[in-house]
Amino acid sequence: MQLFDIGANLGHDSFDHDLDAVLQRARDAGVAQLVVTGASREGSPKALQLAQRHPGFLHATAGVHPHHATEYTDECDAELRGLHAHPEVVAVGECGLDYFRDFSPRPAQRRAFERQLQLGADLAVDGVGKPLFLHQRDAHADFMAMMANFEGRLGPAVVHCFTGTRAELFAYLDHDWYVGITGWLCDERRGQHLRELVRHIPANRLLIETDAPYLLPRTVKPQPSHRRNEPMYLAHIVEELARDRGEDVPVTASQTTANARAFFGLPAPP
């Protein structure tokens with residue numbers, strides 16, 4: 001059984017001391033490929049460097065998360081365009097809007113998001129924009145309006161770490177976007193609604209991710225003392241997801257892996 005983690009923040013400093021062991025545990029748990037999330041001006045080059053050290057296993061995104069939107073300058077845009085020239089960088093993002101935290105002013109968030117949507121459109125190959133790795137929290141109306149401004153110019157899109165409402169889910173599916181499910185599914189305090197919603201995601205639009213080191217699944221037993229999530233727990237997430245969808249685990253695993261390879265345009269590793 002092969003798994004594909006579409007988003008892990010392996011550049012986070014909590015992985016600095018034992019990344020090789022983390023990657024080995026991921027392999028042992030069936031993770032065959034993994035995309036390292038680039039979410040800031042500092043973090044995106046680091047994601048690329050990690051991918052270059054582990055060809056075929058690790059890949060990368062390059063973008064600026066809305067929390068860091070104020071750093072999106074002309075120089076930052078040029079730097080991102082340089083990163084996207086590397087084949088290891090397979091998607092634009094993480095980018096989007098976050099009105100829950102508001103760590104950056106909302107006008108700055110919208111400017112940074114718009115420029116990254118333009119970047120994805122500019123990087124089109126054969127008329128298809130580069131894949132988008134998207135973030136949306138408590139900003140659905142503005143998010144949808146900004147995506148609509150680029151209608152027909154964008155490549156495939158995944159709304160990663162979906163935690164939203166039924167209406168939001170169906171809005172994304174109506175646009176044929178992909179939906180990323182994390183260990184939030186396993187949180188009885190705030191993720192219970194996802195148990196029912198995941199049944200409505202078409203098999204060919206479902207993706208899985210850990211978002212490590214965040215969102216350690218609360219149903220993992222025993223819980224590690226350090227509370228750090230890592231890619232090996234993707235196996236646990238897919239088991240929970242399969243149960244909620246009424247599927248056998250190998251079916252959910254193989255479908256989400258095939259979806260991820262199609263979304264990022266990646267072959268299976270040798």
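Which residues does methionine 147 touch, not counting residues up to four places away in sequence? In this predicted model, local features need pLDDT of at least 70 and side-chain atom pairs count only at pLDDT 80 or more, while totals for chains, interfaces and linings use all residues. Residues are numbered from 1 along each chain as its sequence is written, and side-chain values use heavy atoms, with hydrogens and water left out. With residues up to four places away in sequence set aside, methionine 147 touches Phe113, Leu117, Leu132, Leu134, Leu154, Ala157 and Trp177, contact meaning heavy atoms within 4.5 Å.

Met147 is also listed with Leu10, Leu58, Phe113, Phe143 and Ile181 among the residues with the most contacts inside the largest nonpolar core, which has 69 residues. A nonpolar core is a set of buried Ala, Val, Leu, Ile, Met, Phe, Trp, Tyr and Cys residues joined through side-chain atoms within 4.5 Å. Buried means under 20% relative accessible area, exposed over 50%, and partly exposed in between (1.4 Å probe, protein chains only). Helix H4 (residues 106–122) gives the most to this core, with five residues; helices (H or I, at least four residues) and strands (E, at least two) are DSSP runs numbered from the N terminus. A second, separate core has 13 residues, including Phe4, Val35, Ala91 and Leu207.

In helix H6 (residues 166–174), the residues Glu168, Leu169, Ala171, Tyr172 and Leu173 are buried. The buried residues of H6 pack against strand S5 (132–137), H5, S6, S7 and H7. Aspartate 176, which follows H6, has a positive phi near 65°.

Helix H8 (residues 234–245) packs with helix H9 (residues 249–264) at an angle of about 110°, and their axes are 8 Å apart. Axes are lines fitted to C-alpha atoms, for helices over the stretch in contact, and angles run from 0 to 180 degrees between N-to-C directions. H8 and H9 are therefore roughly perpendicular to each other; angles under 35 degrees count as roughly parallel, over 145 as roughly antiparallel, 65 to 115 as roughly perpendicular and the rest as oblique. Val238, Glu239, Leu241 and Ala242 of H8 make the contact with Val249, Thr252 and Ala253 of H9.

Several loop residues were also examined. Aspartate 126, in the loop between H4 and S5, has a positive phi near 55° although the residue is other than glycine, and is exposed at 79% relative accessibility. Cysteine 161 lies in the loop between S6 and H6 and likewise has a positive phi, near 50°, but cysteine 161 is buried, with a relative accessible area of 14%. Glycine 152 occupies the loop between helix H5 (140–148) and strand S6 (157–159) and is exposed, with a relative accessible area of 73%. Between glycine 152 and glycine 129 there are 23 residues in sequence and 9.2 Å in space, C-alpha to C-alpha. Aspartate 187, in the loop between strand S7 (178–181) and helix H7 (192–197), is buried at 4% relative accessibility. Its contacts, leaving aside neighbours within four places in sequence, are with Gln192 and Arg218.

Cis peptide bonds were assigned as follows. The bond from glycine 93 to glutamate 94 is cis, with omega near 15°, and glutamate 94 is found in strand S4 (residues 89–98). Lysine 221 and proline 222 are joined by a cis peptide bond with omega about -10°, and proline 222 is located in the loop between strand S8 (206–208) and H8.
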